[in-house]
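Hi,

Here is the structure I said I would pass on.

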Amino acid sequence: MTDPWHAFLPYPPVPVPHADQGPLSGLTLAVKDIYHVAGYRTGAGCPLYLAESPVHADTAPCVQRLLDAGAHFVGKVHTDELAWSMYGMNAHFGTPVNPAAPDRIPGGSSSGSAVAVAGGLADIAIGSDTGGSVRAPASFCGTWGWRPTHGLIPMAGAMALAPSFDACGLFARDGTVLARAAAVLVADAAPVTAPDLMVPTDMLALLGPEASAVWQDGFGHLPARGVSVYPDRVDAAYATFLTAVMADAKETILPFIRASRMPLVRGIDRRADAADALTPDQIAQGRGAREAFARHMDALLGANGVLLAPVVHDAPFRLDAPQAVFDGFRHDAQRLLCVAGMARLPQVVFPAGTVDGAPFGLSLIGPRGSDLSLIALACQLSRQPQEAA
């Protein structure tokens with residue numbers, strides 16, 4: 001396969017069987033290189049992790065479901081190192097090119113997944129989303145993306161980063177294909193039947209003028225009521241998110257980092273040190289605050305609440321941006337991305353416009369278990385004429 005966007009890893013191709021007939025027949029599938037695929041090693045964007053990986057005999061169950069539905073595997077794709085970043089830049093294996101904005105970051109950690117779909121190299125791609133690693137690159141590359149209700153899709157056969165946040169997500173170029181693939185992986189446990197549309201006013205306050213205009217064009221015509229998402233303000237919610245994620249990482253991926261003595265790139269070094277420094281009391285407090293936030297969101301949404309939410313605060317930044325942008329952008333983005341992750345909620349991202357000439361997506365966040373109906377609603381709303389209701 002020709003790969004002008006540097007989405008795929010150069011592993012020697014191994015045949016991966018798939019069903020001849022099924023709901024995904026005729027669709028090609030790319031798989032993020034944190035998931036095991038029979039006949040392949042799993043590298044997780046890390047040379048030492050790849051060196052320790054066996055050639056796997058079994059395929060991760062979530063990947064296997066798609067193959068059993070007829071999807072045709074076309075290769076494993078790049079990820080940020082250990083899936084612990086959101087820019088899509090890997091110091092060891094390179095940065096996939098954002099097909100929609102080649103001078104910008106593709107987003108990560110599911111960089112190769114987003115790029116393969118955006119560049120037409122795969123019809124669907126599996127990624128993972130811990131703190132935004134499906135949702136951010138979907139927005140940056142102008143694709144559809146879905147972070148499912150946490151725990152709905154098994155993460156067996158995948159590298160774990162922060163298990164109480166890790167979720168198996170999908171990319172597609174349109175909502176119809178995303179809906180077909182999602183229906184193979186989940187059933188609607190709690191469908192939204194009478195959508196109660198909500199405007200998250202405190203999330204919108206984090207947007208600049210151009211991003212706000214895209215939200216207004218996409219959602220401003222809809223009848224919706226204003227709500228507040230952050231019960232104790234955004235910085236408190238974000239601090240809780242950081243503590244809860246790092247607590248999981250301290251127990252899950254940090255032992256590998258320390259035992260392997262792997263060299264740490266900028267960003268991961270600070271996150272690893274911060275996770276290492278957490279005390280038992282801090283971990284307990286952070287996890288307790290996370291559960292309180294999840295209860296708040298459950299009460300806010302009820303059975304039919306749907307947030308008309310921004311995905312991130314801005315368009316993807318340029319590859320040659322100053323260091324201050326690299327250091328700060330993640331924090332601004334994750335103040336928005338943390339909402340669904342902390343509350344274990346599904347979020348569906350779709351292309352909505354451009355900011356500074358680069359893609360900018362919008363999204364819906366719904367109650368736990370409403371995944372398929374949320375995707376269907378996103379398909380409906382994204383096709384509506386942009387005029388007053």
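Below is what turned up on pockets, cavities, the core and a couple of residues.

One thing to keep in mind as you read: this is a predicted model.

Let me start with the open spaces. The largest pocket comes out at about 700 Å³. It has 32 lining residues, and those closest to its centre are Trp 84, Ser 85, Gly 267, Arg 271 and Arg 330. Helix 8 (234-252), helix 10 and helix 12 are the elements that each put two or more residues into that lining. Helix 12 has the largest share, with six residues. If you sort the lining of this pocket by class, you get 15 nonpolar, 10 polar and seven charged residues.

The second largest pocket has a volume of about 310 Å³. Its lining is made of 16 residues, with Tyr 11, Pro 13, Tyr 40, Val 74 and Gly 75 nearest the centre. By class, that lining splits into 12 nonpolar, two polar and two charged residues.

How many cavities of 30 Å³ or more does a search of the whole structure find? The search gives two. The largest cavity holds about 50 Å³ of space, and among the residues lining it are Leu 9, Tyr 11, Asp 33, Cys 46 and Phe 93. The class count for this lining is six nonpolar, three polar and one charged.

The second largest cavity is about 40 Å³ in volume. Its lining includes Ile 34, Ala 83, Met 155, Met 159 and Leu 161, along with Asp 129 and Asp 166. Six of the lining residues count as nonpolar, two as polar and two as charged.

Asp 129 is worth a stop while you are there. This residue sits in strand 3 (residues 124-129). Is Asp 129 buried or exposed? It counts as buried, because its relative accessibility is 0%, and the cut-off for buried is under 20%. The side chain of Asp 129 has a polar contact with the side chain of Arg 135, at 2.9 Å. A polar atom of the Asp 129 side chain also lies 3.4 Å from the backbone nitrogen of Ser 133. Setting aside neighbours within four places in sequence, Asp 129 touches Val 134, Arg 135, Arg 147, Phe 165, Asp 166 and Ala 167.

On to the packing. The largest nonpolar core has 140 residues, and Tyr 35, Leu 82, Trp 146 and Leu 364 are the ones that touch the most other members. Helix 12 (residues 323-343) gives the most to this core, with 10 residues. For Leu 82, leaving out neighbours within four places in sequence, the contacts include Ala 44, Cys 46, Met 159 and Leu 161. Ala 44 and Cys 46 also line the largest cavity, while Met 159 and Leu 161 also line the second largest cavity. Other contacts of Leu 82 include Ile 253, Phe 256, Ile 257 and Met 262.

Last, take a look at Ile 268, which is in helix 10 (residues 268-277). Ile 268 counts as buried because its relative accessibility is 3%. Beyond neighbours within four places in sequence, Ile 268 is in contact with Glu 81 and Trp 84. Trp 84 is also one of the residues closest to the centre of the largest pocket.

Cheers

Key:
Residues are numbered from 1 along each chain as its sequence is written. This is a predicted model: local features need pLDDT of at least 70, side-chain atom pairs count only at pLDDT 80 or more; totals for chains, interfaces and linings use all residues. Side-chain values use heavy atoms; hydrogens and water are left out. On a 1 Å grid over the protein atoms alone, a cavity is a set of points where a 1.4 Å probe fits but cannot get out, and a pocket is an open set with protein on both sides within 12 Å along at least five of seven lines; lining residues have an atom within 4 Å of a point. Grid points are joined across faces, edges and corners, and a volume is the space filled by probe spheres set on the points. Ala, Val, Leu, Ile, Met, Phe, Trp, Tyr, Cys and Pro count as nonpolar, Asp, Glu, Lys and Arg as charged, and the others, Gly among them, as polar. Helices (H or I, at least four residues) and strands (E, at least two) are DSSP runs, numbered from the N terminus. Buried means under 20% relative accessible area, exposed over 50%, partly exposed in between (1.4 Å probe, protein chains only). A polar contact is a pair of N or O atoms within 3.5 Å; within protein, one must be able to donate a hydrogen and the other to accept it, and residues adjacent in sequence count only if both atoms are side-chain atoms. Contact means heavy atoms within 4.5 Å. A nonpolar core is a set of buried Ala, Val, Leu, Ile, Met, Phe, Trp, Tyr and Cys residues joined through side-chain atoms within 4.5 Å.
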